[in-house]
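Here is a walk through a two-chain model, starting with how one chain is put together and then moving to where the chains meet. Keep the structure open while you read.

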Amino acid sequence: MTKKYVSLLLVIMLPTLLLTGCWDYHDINMTNISISTGVDIVNGQIEYTGEVAKIAPAQAKGNENGGGGIGVYNFYAYGKDLEQARAAFDAGVPYPHFLGAARAVIFSTSYAKQSIAPYLHRIAQINDYRKTILPVISRDHPAELFKLKVESDISVAFLIEDMMSSLTKQGKAIYPTVGHLLSDDDIKTIGELIPYVGIEEGSIKYLGLAVLKNLKMVGTINLKDTSGVVYLLAKKPSITENLPGIENKNNTFSLLTSLKKRTFNTDYVDGKLIINIDMNFDATLNYQYYTESTDEKKLKVLEDLVAQSIQGKIIKIIAMSQKEFDCDFIGFAKYFRAQHPLIYRKINWEESYRNADFFVNIQVNIHNLNLADPNARTLYFK
Amino acid sequence: MNNDKKKSKSDLCSPSENIEEKLRDLRSMLTHAREIEKSTQTLVHSLQERSINYGSYLQQIKTENKFIKNIQQLENPNMGISVKRMSVARKQLFVLYIQELTNREMLSQFLIGPILKYDQAAPLDIDILHNSIINLDDVTVDSAKEKTLDYILKGYSVIIVDDNEEEYLVANTIKIEKRTTQSPEIEQTLWGSRDAFTENINSNLSLIRYRIKDPSLIIYKCLIGERTKTNVAVVYIDDIANQEYVNKVIKKINSINTDGILETGMVQKFLLNNTFDLFPQTGLIEKSATACQCILEGKICILVEGSNLSLIAPKTFFEFFVSSDDNYGYMYLGILAKLLRFISAFCYLSLSSLYIAIVAFHFDILPPQYALAMAVSRATVPFNAFTEVLIMEIATEILRESSIRIPKNIGPTIGIVGAIVIGQAAVSAGLISPLVIIITSLSTMCSFVIPDNLVINPFRIMKFMLLVFTGILGLFGFTMGLNIIFINLVSQSSFGIPYFSPLAPFNFSDLKNFILGDLTLAKKRPGFLKTPDNTRL
């Protein structure tokens, strides 16, 4: 019996000891925990910068974090290329790097215009890096961003990541990851969108979206124009639409829209690419600036107005992608390739997309007046 | 004339010489008297000593009776057999007993007293003593010469009539120092009944009989231990318990060959299938109600004389997680309690190991904030995670072990000292991270959630095994350790019953009954016990 157990133990343990690499024992506090990385081009050299967690003893008092806890310090390293910059950084740190806690990678506009592909591929190949890390393009130099003292969060990277994560959960932004970018990059015909940030009035702000074509930045979409992108790409878009009053032109209706269903149907007829976008929305009347009574007729008008507003935003974004950026950053190619794989192989997608016809059909149903309608009772219970 | 001369001669001695002579005589008498006193004292002392220890000295009795001769030949002066010699109605009688084991009041009042009062003309004999004089319920006549000593050593009083070499009387005058039925010490419950077994096997049997008034209740008794001759009782219900398991248990008990059995634990060791098995295959029950519940399930209860714990066989792993409290209140409470117990068992086994795996090998599985918080908590700790946890676990085990033996009146003080030294001071000194204190404290608390302490001990050993495995191989080692534990669990059996029943082999009905723990819903006894009568209701 004992022999049996010993044999069993040996069978289990030996392959483990011989074949696995589990001898990498290293305590977490003996690592250089990287919080963020910034990549820029300064004077023709790669500037490698970022934040590293400053681990102060929990019971220490009087440090700059107000007595123990998590703080960060910035690092700067320069080199002719990424490897040299990285080597310069490695030469000055006490512990091996741990990149698993990195929250964001921030590219400068100048670096992004050259191409962020090298750094994305670096992330893809380093096991430590989470592939769900948030890539961001900064209008200002990343080094300037990291110098800012952040009061509302642990560090710059935490602020950007938490901000984007929160907006995405609310349905007001999109949260692309490095993994998504690399996956989309494999389909050479589509572009990518990543958050665009910068310093405004002394603090870091989300400015809109940067458009990438073949992982090179080709332009930006202002924050006010990003609603169309969010309607098309966000998992559960929920955007507030402000509409002028129906009777009282000084009035404003504030409605919160939420997506119920979204379908993209593509077709290729007579050498022309046709894309049908059908979207159903529910809407809630948040409030009116000045309370105005509503009835079914007015509601129908409101629903049409909301639909028109959404449709307008979507059409504007599509127009930008076709004309301004000449890049399918929404990713319609993925749908077309799935729906018409044989045709996709034969056509030149960029050319077809440039001349494609879009039909945007938006349905909105206002189902909740949020008790703001004084006539609601007579309206529904007569 | 001569007389006068003599008189004159004596008169010639001076008075001082006479006094000196008298003084000398007195001194010599005094010396002699002291010697006599000394020897008397020695004799009295020795007699006192003997009378204290042995009553009358057996070896001094002059008789040709073969029963007494037999004991005299065997008797060692330190054996402590007392003899009361009586002459009644022209007969010599001897009562042999051991003072420490005998109820002397009973002996005097109902045995010696009536004999001494005998004033009939008919000569005394065994029959008259047995039928007319001795006022005790348990008196038997025996003739086996070799059994006399056994009777005396068990605490019986043996009455021998000098001229009767055929028979003697054996009277049950046993007095055993015993404590009254008390609350259980190790099987604590909130609502369950509180009558626990004592060291007296008869009291324990009476507690079982009091609860189960079934004519099918069988009590099989046997003696184990060449020297201790310990009474062992195997209790079961004939038409419920599987005869195969009963035979196995009885066979194993009868095959015990040792000089002494003093406690239930000693019998338990002999009942094990394999000395190297980690988990207990028999249950240790302190409460009579729990023992009765097990007997009603079709299990076998083993009671050992001199031990306040009974053995229950067969026993499966999941039964260690059942408490008599589950019978009270709503069914859902019992389900929640069982769930908590299993979670606690897993936490006790694995929390420390998981901490090592995460902190030292796989901190990338943590969300960034947690990883940072963990790093900060360990900022000043000079040891690596494995050493840190090992130190704390050993310290906790020392505290646990010491708390068993600490006198009750200083226990709380030591507890506070332990908590301050190991908790606050170690963290303040930066030797241990606060998270490790939380983990070890929580896991220790978890161990007390499991109602049966018996199953905790293997977990204690396996916890350290998991720690070492994880310390070497990280999460992989942890998984490997868990696998070994589960392989061990599912490959064990208790008297032929799969130890991991009803999960392996899977039996939905038994599992449902175990989880719900509601007697009104569990109409059948567990299938794995293979009881002849499996219907409860």
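In chain A, 19 residues of domain 1 are in contact with 20 residues of domain 2, contact meaning heavy atoms within 4.5 Å. Before going on, a word on the ground rules: this is a predicted model, in which local features need pLDDT of at least 70 and side-chain atom pairs count only at pLDDT 80 or more, while totals for chains, interfaces and linings use all residues. Residues are numbered from 1 along each chain as its sequence is written, chains are lettered from A and ligands numbered from 1 in the order in which they are written, and side-chain values use heavy atoms, with hydrogens and water left out.

Domain 1 of chain A runs over 29–225 and domain 2 of chain A over 235–381; these bounds come from an automatic or database domain assignment. Their C-alpha centres sit 33 Å apart.

How much area do domain 1 of chain A and domain 2 of chain A bury between them? The figure is about 1,500 Å², with 61% of it on carbon and sulfur atoms. Buried area here is the accessible area (1.4 Å probe) that two parts lose on being put together, summed over both. On the domain 1 side of chain A, Ile187(A), Thr189(A) and Asp225(A) supply 31% of the area buried against domain 2 of chain A, more than any other three residues.

Lys213(A) forms a salt bridge with Asp326(A), and their closest N and O atoms are 4.0 Å apart. The two domains of chain A also have 7 residue pairs in polar contact, both at pLDDT 80 or more. A polar contact is a pair of N or O atoms within 3.5 Å; within protein, one must be able to donate a hydrogen and the other to accept it, and residues adjacent in sequence count only if both atoms are side-chain atoms.

Strands E7 (192–200), E8 (203–213) and E9 (216–222) of chain A each supply at least two residues of the domain 1 side that touches domain 2 of chain A. The largest share, 4 residues, comes from E9(A). Helices (H or I, at least four residues) and strands (E, at least two) are DSSP runs, numbered from the N terminus.

## Where chain A meets chain B

Now to the other interface, where 34 residues of chain A are in contact with 39 residues of chain B. The two chains bury about 3,100 Å² between them, 71% of it on carbon and sulfur atoms. The count of salt bridges between chain A and chain B is 0, and there are 2 residue pairs in polar contact, both at pLDDT 80 or more.

On the chain A side, helix H1 (2–19) and strands E1 (32–42), E2 (45–56) and E3 (69–79) of chain A give two or more residues each. H1(A) gives the most, with 8 residues.

The table sets out the residue classes.

Is His26(A) buried, partly exposed or exposed? His26(A) is partly exposed, with a relative accessible area of 30%; buried means under 20%, exposed over 50%, and partly exposed in between (1.4 Å probe, protein chains only). His26(A) is in the loop between H1 and E1 of chain A. Leaving out residues up to four places away in sequence, His26(A) touches Thr31(A), Pro96(A), Val359(B), Ala360(B), Phe361(B) and Phe363(B).

Over in chain B, Ser501(B) lies in the loop between strand E12 (497–498) and helix H17 (508–516). Ser501(B) is buried, with a relative accessible area of 2%. A polar atom of the Ser501(B) side chain lies 2.8 Å from the backbone oxygen of Pro498(B). Not counting residues up to four places away in sequence, Ser501(B) touches Thr316(B), Phe318(B) and Phe528(B).

Technical notes
Salt bridge = Lys/Arg side-chain N within 4 Å of Asp/Glu carboxyl O.
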